[in-house]
Each structure stands twice: as C-alpha cells, then as structure tokens.
Amino acid sequence: MKGRYEDENLYWIPVLIIFVFLLPFILKGLSFSYKYYLFVLNMAGIYIILNVGLDLLSGFTGLLSLGHAAFLAVGAYSSAILVDQFGVPFALSLILSPLVAGLFGFVIGFPALRISGMYLGLTTMGFGFIVKRMIIAFREWTHGSGGLDVSSPVLFGYTIKTDWNNYFLIYTFVVIAVVAGRRIAKSKIGRAFMAIRDSEQAAEAAGINLAKYKMLAFFISGLFAGFAGVLFAHTSSFISTDHFDILLSIYFIIMILVGGVSSIYGAVLGTLFIVLLDNLFVPLLKDQIHFWFNTQAGDIQSLIFGLIMFLFIIFQPMGLYGMWLKMRIYWKLFPFNPRQRFT
Amino acid sequence: MKRVVGTLIIIGLLAVGCVKRAPAPGVTDTEVLIGNVQDLSGPLKELGAIIPSGSNMYFQYINDQGGVHGRSIKMLIEDHQYNPQKAVAATKKLVEKDQVFCLFQILGTSPCEAIRPILSETGTPLIAPATNSGTMSDLSREAGDLIFHTDTGYDRQGEILVDYILNQNSDAKIGIVYQDDDYGENVLVGIARAEEEHEITVQKESYQRGAIDFKGQTMNLLKGGCTDVIIAGIVREPVTVMKTAEAMNYKPNFFGTGPTVDARVGKLAGSAGEGFTATYWANMWNSDAPGPILYRELCEKYDIPEPYIGLYHYYGFATAQLLVEGLERAGRNPTRKSLVRGLETFKNWDVGSFPPITYNRNDHAGVDKVQLVQMQNGEQVVITDWLE
Amino acid sequence: MADLIIENLTMRFAGVVALDEVSFSVEKGEIFSLIGPNGSGKTTLFNCINGFNKPQGGKIYFNGENLLDKRPHNIIDSGISRTFQNVQNIPFMTVLDNILLGAHSRIDVKATVQRWLSQDQREIEEAMVLDIMDFLGIANYEQKYMLGQPFGIQKLAEIARALVSKPKLILLDEPAAGMNDQETREIANIIRDIREDLGITVLLVEHDMNLVMSISDRICVLDSGEIITLGEPEEVKTHPKVIEIYLGETADA
C-alpha cells in the first residue's frame, strides 16, 4: 500500500535534505562572497518556517492574516527577554517563546470565529499595530522603540555566531518545520482546515468543531511564527519595531501566494523565490544595469521587483507549486495528450 | 609518501598565502570602493537620493584633482527602504560581495544599529552614519570603536534646547511633542538629563510615526500652559503642530530638533512657522563659512539641479569631506585599521563645514554642539553662536 | 423500534413558516423518503436534524438522544451523517482525502503525531476508505484531485464521505439531482445496498419520483411545511393532493 499517494513518494526528500546541508560547502567552493549568500538563505530559512505556519492558517484554513510579522515580533521579543533578562537557556526558550506566540494566536483566533475574509485581514493587521504599541509600552524589557540587542544562540555549550553556523542551526529547524507542516497538512487536522475553508457546512457535518479548529489554526500558526521569531532574534542579534513592519506581513502573504496557496512545498518555494529575488537577484541585476547604462539610479531595485511580481501573477496565477504540478503531469503524460492539465 | 607530499603542498600553499599580503578589500591601485546604504524607495526616499548625491559631488571634485593618494573614490549605494533587515542584507552584499573598503553615511538609527554585528565581525569601519542618534557614539556598544559619528546626538540637542530656553526665560514652562520611536526615545534621554539638572518637569506628548492629527497633543500643551514647545519631529509634524496651535490661537515659542531644521518646515508652515527655531550641528549651507562657500562653488561647477541644493545635499558634501580627510590620513596603503587610526588623529579638524571635530580612542562623537536657526520672514537665520 | 423520532417540529425564518408541527418517525433499517415541491421544508428538516438550524419548537430524538441539545459537529458522533443538495466537496484535496474527511471523528488526533514516525497510520486511514470506495465503484479515483471530476463522481464521493463515518442513519439530500437515467438507476442500487449490505437507515429527499417510488419503504409528502400524507408508496401515489402537486392537471384528465 505504500506510496499509493504520489505525494508520499519520499525517496527524493533525503536527497534534498543532504543537498540543503551540503549547500554551504558548495557555495564556499564557488564564491568568495559565500557569506552574503548564506545570510540571504538564512533569512529565507526563517521566513520559510513562518510561512509554513502562515500557509496552514491563511492558505489551508482560509483565515487571512495580515499581521504575521507581529507573531514574529512576539516570538523574537519573548525569546530576547527570556534569554537575556531572565536567564532562560536558549534551548528552553525555543520551546517557551513559540508557546507565547501561540497563545497570542489563540487570542487573535477569537474574532476569527465571527468574521472572515478581508475583515479578518484588517483585524489581524490591527493586531500588528497593537503588538508594536505593546513593545513600545513595555520599555523596561524591550527598550521601547530604541531596539534591543540580543545574545547569540547557545546550544549544548556552543555559541552559534557566524552566518555559517547560523545556516546549520536555521536549516535544521527548517527541515523540522517543513516536515511538521506537511504532516499536519496531510493529517486529519489539515483536512479539517481545508474543509473549513471550502465548506463550513460540510466540515461541521463531518464532525469538525469549527471554533476549535479555527483556534487551532491560529495557535499552530503562532507557534511556527514564534519559532521563526526566536531564530530571527538570536541570529540577527538586534531587533527593533522597524524590523516587524506591516509591509513584512504583506510580503509574507505575497510569498505564499506566489508559491501557491495551500501547499507546504509551495510556501517553501514561494519564500525562497521572493527572498532570493528581492535580496539577491534584483540587487545583482541592478548592479548589471548600473554597469551597462553607467548610471547610479537607485530606486531601480523596487521597480524591477515590482515588474517581476506583476508578470508572475499575470502568467502564473497558480503559483510555483501549481507550475511544478502542471509540469509533472505534462511529463507523465508525454507524449500523449499534453494538453491535459491539473485534474 | 603521497600523504607527505600532499601535506607539504598544503603547507606550501598556506605559506604562500600568508607571505603574499593581500591588499585591503576594496582598495586597488586606482580605486577605493566605499559602500553606502540609503533609503531609496522607503519613507525617507527624498533624503536617500539627495544626501549621497552631495557626497558624490565632492568625490567627483577630489577624483578630478587626482583622487586620494592617486586613487579615485567610488561609492556604491544600496537600498534599505528604512528596514533594518534589508539594511543588513544590503550591507552584507557590500561587504562580502562587493568587498567595499569601508561603509559610509548609512541612513537611519535602526539600520545602523542592526549592522553592528557585520562591522565587528569584519572590522569594517562606518564613517558618518546619517543619524543624529546619540547611541552611535556610544563606544561601549558592539562595534562602537568602528563607528565615527559626526552629528550632535538628539539627546544633546534636546538638552541644549532646554538650557537655551531657560536662559532666555527662567520661568518658561516647557513641553515636548515627540515621535515615539528610536528618535524620540533618544531626545527624551537628553530631556531627562536636563530635567534633573534644572529641576523642572517637561510636559511630554507623544505621537506615532506617520501621524497627521495633532489636535490632542496641542490641546494638552495649551492646557498645560506651556510657553515653549520642542517638537521632535521631521517635517510634516512640526508644520501640523504649529498650524494647529495657530488655529487654536495658542502662540508658544516653537523649537525643533534634528531633521526639523529642513527649510521646508518654515515654507510649509507659512505664518505659523514664523519664529520656529531648530537646532543644527553644521554650518548653514548658505552661510559664509569656508565649507559652504566651496559647496556652492562646486554646485555651480557640476551643474547640480536646483531642487537638490540645500541642507541635506550639503550634509552629504560635508561628511564626504570628513571621509576624504580620513582616507588621506589612512596612508598610502590604507587598511581598515589604518583608516580607524587615521580618523583618531583628528584634532580640532576644521575645514569650515562642521564645527571643529576631534576624534580619539575614547571619543568618536564628532560634533557635540549646535547652533540655532530661526525662521524670520520666511528665511532661515542663524541666531546664536555654537551652544554646548 | 423507531430510530428517529420527530415531534411537532416547528421552524420559522423571519415569519415564514418552513416547518409547521411536523411529526413522524423513521424505523430502523428503513428507506424513508421526503418529497414535496421546492420550498416545502425538506432541506430545512435535514438542517434541523443536522443542527444547522435551531427549530423554535418540537423535539428530535435519535436512539433516545435529544439531538436538539447537540451542536452540529456532534451530530455525526450520534451516528447521523449527511450529503448536500449542492455537492460540497473540497476541490483541492484528492478524492481519497475528501472521503477521509468523513472519518474525522474516527481518527485519533494522536495519529497526526504517529504518522510522523511511520506510514502505518496512513495505511489504517486508507483502509477505512478503500472498502467504501470499492463499494461505490470509485476506487480508481482515489488519487485524483476533486477539482474537475465529473459530477457523478463528486456525488458518489460525497456519499462515500457520509458513509465512512459508519453512521446508523444517513441523510441523502437529492442524490440523483442532475443525473441521467443510467446514473439514477445506479444511485437507486447504491441506496438499496446501503440499507441491505451496511444496515444503515436511509432518510432521502428526492425529486425523481421513479427513484423514490421504486426504493422507498415509506414516503412522507411535505407541502409548505406541513405533512400532507405519509405512507407506503402505493398509498402515497394515489393521494389526490400528491397527484395534484406532481402531476398537475393531468390527474383530472
């Protein structure tokens, strides 16, 4: 019976995981500026963890969140405060801080029982502002808006400090988060989430407690975001309210949209795509444009980014994962009936 | 045997690597590469375009004269959209990929704070960060020894303003409207010091960055009977506060810190802005000091478009002078360490752009005084000497 | 013994009476049909049993339990599952997963964690479903996405979803709507098999009179929320009001 599900053909996953952990060595061999690439990948890794959770909430359950940067902030600040001011070990904070963010998610879940769609989006956006105000208000612990220095992560007596070490720390958890997200998505919880999104009646008739599962979606999503926040705080060593801008929340939504909603691998692909595009490809392309046209025009960067996004949404509304599925079906059926698509 | 040969080869390679001393990153025989991270598409995008353009004008002038120690200066500019995380990414790119020699003029407090770990990890100096925050010159912070601040801190500015107000009128009741972010936070530090020194209480009203309505704050100041109001805002905020006060027929003396010295404040506020006094930590760009005179000559020489010329463009120019002097003093074969050493030899360095600047091992603060600039009949007029 | 007892059920929507003092009972192992023109309250009755609508008066008992005390998601635990008039499937899930959704309350949450460790739980879950899929003849579709499947398959998948929870009573809301004669005959067979092979009581709402007459043990005719007649197909067929409703003037001719 194994592998009845084609998605469950797992043979390539170990290969991928080995590749993930070999990548830094490959980069080091290829380029002297590997640290910069690793930094961008680390940032992508943290966002992947968050976006897996966001996808479970907004993609699978259909509860739009425009305040996810705030969950990231809650995780980051909780951990910074727990570790640096209360002396909690980093390893313990890795468990406690996501729980704090999860509890915040639980609280934000209450309005979701009554409202949905764009209204919920606005409510969660409001949550983003509330968290920002809270950070400013609790200045004894958070240093207000002046920002907070955070210690480097210490695990098993080792202090993890450089981009190189951060990479292995972050991507270990990325692998765990993706596997966990995928398991949740493919379990009864994931099915319940999707059922709530597509038909609340069918879900209830099937015995799904809507309130419970909506709250659960917010809680799980908060956990993932809080987890990402812990890694964010300790690997970037300085956090401030400017880090967790409302724009970042919208970026997260764009990432899962680009990846293809309600697919964990889609969230991973979308995050990598946007982060690499925004922080690697576009700046390098901009350098080339400066070189060719001998200019110094700076705001070209946002222009290129916007243009690529625009074209992408027009030509690939199903997202990257949808593109991959189409491609796979195409090759499977080749040379017969190549027109058949996603059915 | 093979293994021995292999080991020898590796040792040999290592030895060669050590002997051939690599030149400092970003320095070639003909060029010094410096990195700058600005807000080119975020909330402060006007500054992001104007400030480095002022610097580039001066670099052009130096390069036309043969450069520094025969090397021309080239500045790479990246965009951070006023987001610290992006600032880190952009700085990493400049330092690791483009291999810049040093960083220069990075805009904003939180971006500068966020990149401290990169500075300390790679030993890259940051010259003249474009923020007034007093935290930049705190040597006890991470990478503090690599940051050379030029501007008077916001905390000092607030403190000096309170001193000045109380000197003019010892019965003054002072109020402050501040932006509740790192900027306002830093001003409050100075205000708190002044409160302690003069044994007064300053009425504090905060607003959120981007706020457009100041009726509540202004009303509170009116009720509190404040005769002198300090506005720790940028451009729109002081304008709105003063207009709101005028509409309420409330006429205290208005003062501003940091970016409020922008000439647009007086222009936009019109009659309400008359008498508005702001702190400024450099010579006015249109004054007769040697720095501004050279500045205006260069503007003419390089055909700088009219809208660029002014305070911020001049600021870019003046900080570029500081960097060039630092590179000059870093020696014929500059390294990042020799640049730091060179800058630390500054002793009352004065080319007439900033007040005299002194750096040494224990002091990277740069300017620590301000002059007051007042709006009089729609023109900015310097009304005081340098205040400490 | 009566399985489902409905007593004096009254349901009003903003003054419109959808159900007016409706009382009947369904025996265990029966195929019981509800018929009547559009708007006569058939689906409302389903929604009341299912907990989606809270009636203003009356009682619903199932195996001695008062269903009106329960919340919608608990009804399935009492052994009642249902399908919908307009099929409600999850398009971006495979047919197999759609059906597994119905097994929600049969799967322990612990399984989520167990499955991280082994594939066994997946096999257990699949085993629950595959029998049902074979039973309905849709086993070939298990891995296909629901999106784009033919309407007939979607209908059957929905029935499968209702069956997989191992109910004692299944509520079928117009299972043959939109189907051709061939498919309707298949549905009729399936409904018989549900009762015969699985021993599940069937409560059916249907417009297709041939289907209803051929498989029902008893039929209840509703009009404007009131019961017009209730009895075996032969009795109902000859009731003048029914003839008027369903055959119109041709009855007089």
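1. Helices here are DSSP runs of H or I with at least four residues, strands are runs of E with at least two, and both are numbered from the N terminus. Being three residues apart in helix H6 (residues 154–168) of chain B, B:Arg156 and B:Glu159 are therefore separated by about one helical turn. Their side chains meet in a salt bridge, at 3.7 Å from N to O, the term standing for a side-chain nitrogen of Lys or Arg within 4 Å of a carboxyl oxygen of Asp or Glu. At 24% relative accessibility B:Arg156 counts as partly exposed, whereas B:Glu159, at 10%, counts as buried; buried means under 20% relative accessible area, exposed over 50%, and partly exposed in between (1.4 Å probe, protein chains only).

2. On the basis of the note: this is a predicted model, in which local features need pLDDT of at least 70 and side-chain atom pairs count only at pLDDT 80 or more, while totals for chains, interfaces and linings use all residues. Residues are numbered from 1 along each chain as its sequence is written, chains are lettered from A and ligands numbered from 1 in the order in which they are written, and side-chain values use heavy atoms, with hydrogens and water left out.

3. Chain A has 14 helices and four strands, and buried residues make up 57% of its 343 residues. Of the contacts in chain A with a separation of 6 or more, 76% are accounted for by residues 24 or more positions apart, a contact being heavy atoms within 4.5 Å. Chain A exposes about 14,500 Å², of which carbon and sulfur atoms supply 72%; accessible areas come from the Shrake-Rupley method with a 1.4 Å probe, and for residues only the protein chains shown count as cover.

4. Two pairs of chains touch, and the most contacts among them are between chains A and C. Chain B and chain C, by contrast, do not touch, their nearest C-alpha atoms being 34 Å apart.

5. The contact between chains C and A takes 41 residues from chain C and 32 residues from chain A. Together the two chains bury about 3,700 Å², 58% of it on carbon and sulfur atoms, where buried area is the accessible area (1.4 Å probe) that two parts lose on being put together, summed over both. The count between chain C and chain A is one salt bridge, in which the side chains of C:Asp97 and A:Arg191 meet at 3.7 Å, N to O. On the side of chain C that touches chain A, the elements giving two or more residues are helices H2 (72–75), H3 (95–102), H4 (110–117) and H5 (120–136) of chain C, and H5(C) gives the most, with six residues.

6. Over all chains, a search of the whole structure finds 31 salt bridges. One of them links A:Arg139 with B:Glu185, the closest N and O atoms being 2.8 Å apart; A:Arg139 lies in helix H6 (residues 139–142) of chain A and B:Glu185 in helix H7 (residues 182–198) of chain B, so the pair joins two chains. A:Arg139 is partly exposed at 33% relative accessibility, whereas B:Glu185 is buried, with a relative accessible area of 18%.

7. A:Asp149 forms a salt bridge with B:Arg141, with the closest N and O atoms 2.9 Å apart. This pair also crosses between chains, from strand S1 (residues 148–149) of chain A to the loop between strand S4 (126–127) and strand S5 (147–148) of chain B. A:Asp149 counts as partly exposed at 40% relative accessibility, and B:Arg141 as buried at 18%.
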